[in-house]
Amino acid sequence: MKKGDTVMIFSPNSIAYPIALHGAIAAGLRVTLANSSYTPPELAHQYHDSTAKAVFVHPALLETVLAMFKHIKVGIKEAKKRVIVMDFGLEDKAPKGFMKMTQLFGKGQLVQEERFDGELSNETVLLCYSSGTTGKPKGVEVSEIFMMSEPHSYHNVVYTQKHD
């Protein structure tokens, strides 16, 4: 994968989630976050629409991802190349034959995290999907500058009064 490629995270809340999310962003990847209750066709829509190159998946949801690949006519051999099992803290539950997130640890390093300053601050970091109430879900781009400004904005709203 290269800078600007999209990866999907398909997982319920887990300790591995922020590791996958922040690691992908630090590597310059866009991340699309898929609802862990999605069915294979719903997941297929987001995977295709977001142009994701790989899926970080919680072990409990691997069967759904494999069914999604089957739905879009990607064979098991190719699907295995596109799946990274989020096994951090769940190493004993990770299936054999798939790339595991823990296998990525210590396999080289970023000389420097991707910088998102100047023009790069407008780069899409997250590609979130709407609920699809008026048709299929649509991708909503979230830039790095927006992600960084939101906590600051929240702080200004909450702490507008002087505290003694």
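**Reading the fold**

Mentor: Of the 164 residues in this chain, 38% count as buried. Keep in mind that we are looking at a predicted model.

Trainee: Which angle do the axes of H2 and H3 make where they cross?
Mentor: Two packed helices are described by the angle between their axes and the distance between the axes. Here H2 covers residues 40–50 and H3 covers residues 62–71, and their axes come within 8 Å. The crossing is right-handed. As for the angle, it is roughly 70°.

Trainee: Is H2 roughly parallel or roughly perpendicular to H3?
Mentor: The axes cross at roughly 70°. Angles from 65 to 115 degrees fall in one class, so H2 is, relative to H3, roughly perpendicular.

Trainee: How many residues of the contact of H2 with H3 are nonpolar?
Mentor: From H2, the contact uses Pro-40, Pro-41, Leu-43, Ala-44 and Tyr-47, while H3 brings Thr-64, Val-65, Ala-67, Met-68, Phe-69 and His-71. Sorted by type, there are no charged residues and 2 polar ones. The nonpolar residues number 9.

Trainee: Which residues of H2 are buried?
Mentor: Look at what lies over them: the cover includes strands S1 (6–10), S2 (30–34), S3 (52–57) and S6 (124–129), together with H3 and helix H4 (76–82). The buried residues of H2 are Leu-43, Ala-44, His-45, Gln-46, Tyr-47 and Ser-50.

Trainee: How many residues of S3 are buried?
Mentor: Strand S3 is mostly covered. Of its 6 residues, the number buried is 5.

Trainee: Which residue in S3 is the bridge partner of Ile-9?
Mentor: S1 and S3 pair in the parallel sense, over 5 bridges. In S3, the partner of Ile-9 is Phe-56.

Trainee: And which residue of S4 stands opposite Val-55?
Mentor: S3 also pairs with strand S4, residues 83–85, in the parallel sense over 3 bridges. Opposite Val-55 stands Val-83.

Notes: Residues numbered from 1 in each chain as written. Predicted model: local features only at pLDDT ≥ 70, side-chain atom pairs only at ≥ 80, totals over all residues. Heavy atoms only, no water. Axes fitted to C-alpha atoms, helices over the stretch in contact; angles between N-to-C directions. Helix = DSSP H or I, 4+ residues; strand = E, 2+ residues; numbered from the N terminus. Parallel < 35°, antiparallel > 145°, perpendicular 65-115°, else oblique. Left-handed = near helix turned anticlockwise from the far one by under 90°. Contact = heavy atoms within 4.5 Å. Nonpolar A, V, L, I, M, F, W, Y, C, P; charged D, E, K, R; others polar. Buried < 20%, exposed > 50% of the residue type's maximum accessible area, 1.4 Å probe, protein only. Pairing = 2+ DSSP bridges.
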